[in-house]
Amino acid sequence: ASDFTDELMHPRVWLGASRRTPIEMFNDRFTGEVRGLDPFNASKVISYAQLSQYIIPTLGDRVEMAHSIEGRTPFLDRDLVEFVATVPPRHFMNVEELREKLLLREAFAGELPEFLKREHKHPFVTPSWRTLYKTPAGRELVNDTLDSRYVDRTEIFMPRFVKLLRILWPLLPRGSALSKKVDILVGMVVTTLLLHKLYVDRAPPPASALDMADCTWKFTQGC
């Protein structure tokens, strides 16, 4: 989806944003740290640095503890980790095809459906927004949020590009790479504009406009 960032985002957004490219930020952070490492091991260094404070605490421990659940992450089993550390990197990743989890794919080849064997690793995404759009409530939500006048007024996304996304969205064959990318972009625009409606359009008045009094210094008395 980042391929279309310049076309999608309104110029006003860039006024307060850094225009450094992801590759520039990556080089500043990791070039020295991963130099000379096997590509697989380099990818693990990068993944750990970026995700160790997010995946396990946020998606694991914090969610589990919030609901009084004790979780056990199978791939963090000590014996398994010690064994995996002895396996040569070439068994985990096909660098030429950027194909990860080779060992798992081979181990469970007889259990996996064919499309999963061909699928590349990708981030977590929401279910298809096209499916949501087929419902009456979903259609109303998307149409209301992506109204061209509202898109233009918020000055977050380029109205013409959002209009193009809406035209392409139902026409692209489902399952194609471009269809997935457009669906993700539509979802990003919809959710961003919904947050704008909830927290910017309906922002509370400034404190100076409210009838308030500071009674903290005499909390034992009436104000």
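What follows is a conversation in which labels are set against their cut-offs.

Modeller: Please keep in mind that this is a predicted model. The protein chain has 13 helices and two strands, and buried residues make up 20% of its 223 residues.

Colleague: Let us begin with the aromatic rings; how many aromatic pairs does a search of the whole structure find, and why is the pair of Phe-40 and Phe-92 called stacked?

Modeller: The search finds two aromatic pairs. In the pair of Phe-40 and Phe-92 the ring centres are 4.9 Å apart, and the planes stand at 15 degrees. Centres within 6.5 Å make a pair, and planes under 30 degrees apart count as stacked, so the rings of Phe-40 and Phe-92 form a stacked pair.

Colleague: What makes you say that this pair ties together separate parts of the chain?

Modeller: Phe-40 belongs to helix H4 (residues 39–51), while Phe-92 is in the loop between helix H6 (78–84) and strand E1 (93–94), so the pair ties together parts that are 52 residues apart in sequence. Both Phe-40 and Phe-92 are buried.

Colleague: And why is the pair of Tyr-133 and Trp-169 called tilted?

Modeller: The ring centres of Tyr-133 and Trp-169 lie 5.1 Å apart with their planes at 55 degrees. Stacked would need planes under 30 degrees apart and edge-to-face would need over 60, with the rest counted as tilted, so this pair is tilted. Tyr-133 is in helix H9 (residues 129–133) and Trp-169 in the loop between helix H12 (159–168) and helix H13 (177–201), and the pair links distant parts of the chain, 36 residues apart. Tyr-133 and Trp-169 are also buried.

Colleague: How do you know that the side chains of Glu-100 and Lys-44 meet in a salt bridge?

Modeller: The distance from N to O between Lys-44 and Glu-100 is 3.9 Å, and a salt bridge asks for a side-chain nitrogen of Lys or Arg within 4 Å of a carboxyl oxygen of Asp or Glu, so the pair qualifies. This pair links distant parts of the chain, with Glu-100 in strand E2 (residues 99–100) and Lys-44 in helix H4, 56 residues apart. By this rule the count comes to five salt bridges.

Colleague: Why does Glu-100 count as partly exposed?

Modeller: The relative accessibility of Glu-100 is 21%, and buried means under 20% whereas exposed means over 50%, so Glu-100 falls in between and counts as partly exposed.

Colleague: Which salt bridge do Arg-78 and Glu-82 make, and where do they lie?

Modeller: The side chains of Arg-78 and Glu-82 meet at 3.2 Å, N to O, and both residues lie in helix H6, four residues apart, which is about one turn of the helix. Arg-78 has 64% relative accessibility and therefore counts as exposed, the cut-off being over 50%, while Glu-82 at 45% is partly exposed.

Colleague: What makes helix H10 roughly perpendicular to H13?

Modeller: Helix H10 (residues 136–145) and H13 pack at an angle of about 75 degrees, with their axes 10 Å apart. Angles of 65 to 115 degrees count as roughly perpendicular, so H10 is given that label relative to H13. The contact is made by Leu-141, Val-142, Asp-144 and Thr-145 of H10 together with Val-190, Leu-193, Leu-194 and Lys-197 of H13. Lys-197 also lies over the face of Tyr-150, at 4.8 Å from the ring centre.

Colleague: Finally, what is said about the phi of Ser-68, and why is Ser-68 called exposed?

Modeller: Most residues other than glycine have a negative phi. The phi of Ser-68 is near 55 degrees, a positive value in a residue other than glycine. Ser-68 is found in the loop between H5 and H6, and its relative accessible area of 71% is set against the cut-off of over 50%, so Ser-68 is exposed. Glu-155 likewise has a positive phi, near 55 degrees, and lies in the loop between H11 and H12, but at 30% relative accessibility Glu-155 counts as partly exposed.

Note on methods. Residues numbered from 1 in each chain as written. Predicted model: local features only at pLDDT ≥ 70, side-chain atom pairs only at ≥ 80, totals over all residues. Heavy atoms only, no water. Phe/Tyr/Trp six-rings, centres within 6.5 Å; stacked < 30°, edge-to-face > 60°. Buried < 20%, exposed > 50% of the residue type's maximum accessible area, 1.4 Å probe, protein only. Lys NZ or Arg CZ within 6 Å of the ring centre and 35° of its normal. Axes fitted to C-alpha atoms, helices over the stretch in contact; angles between N-to-C directions. Parallel < 35°, antiparallel > 145°, perpendicular 65-115°, else oblique. Contact = heavy atoms within 4.5 Å.
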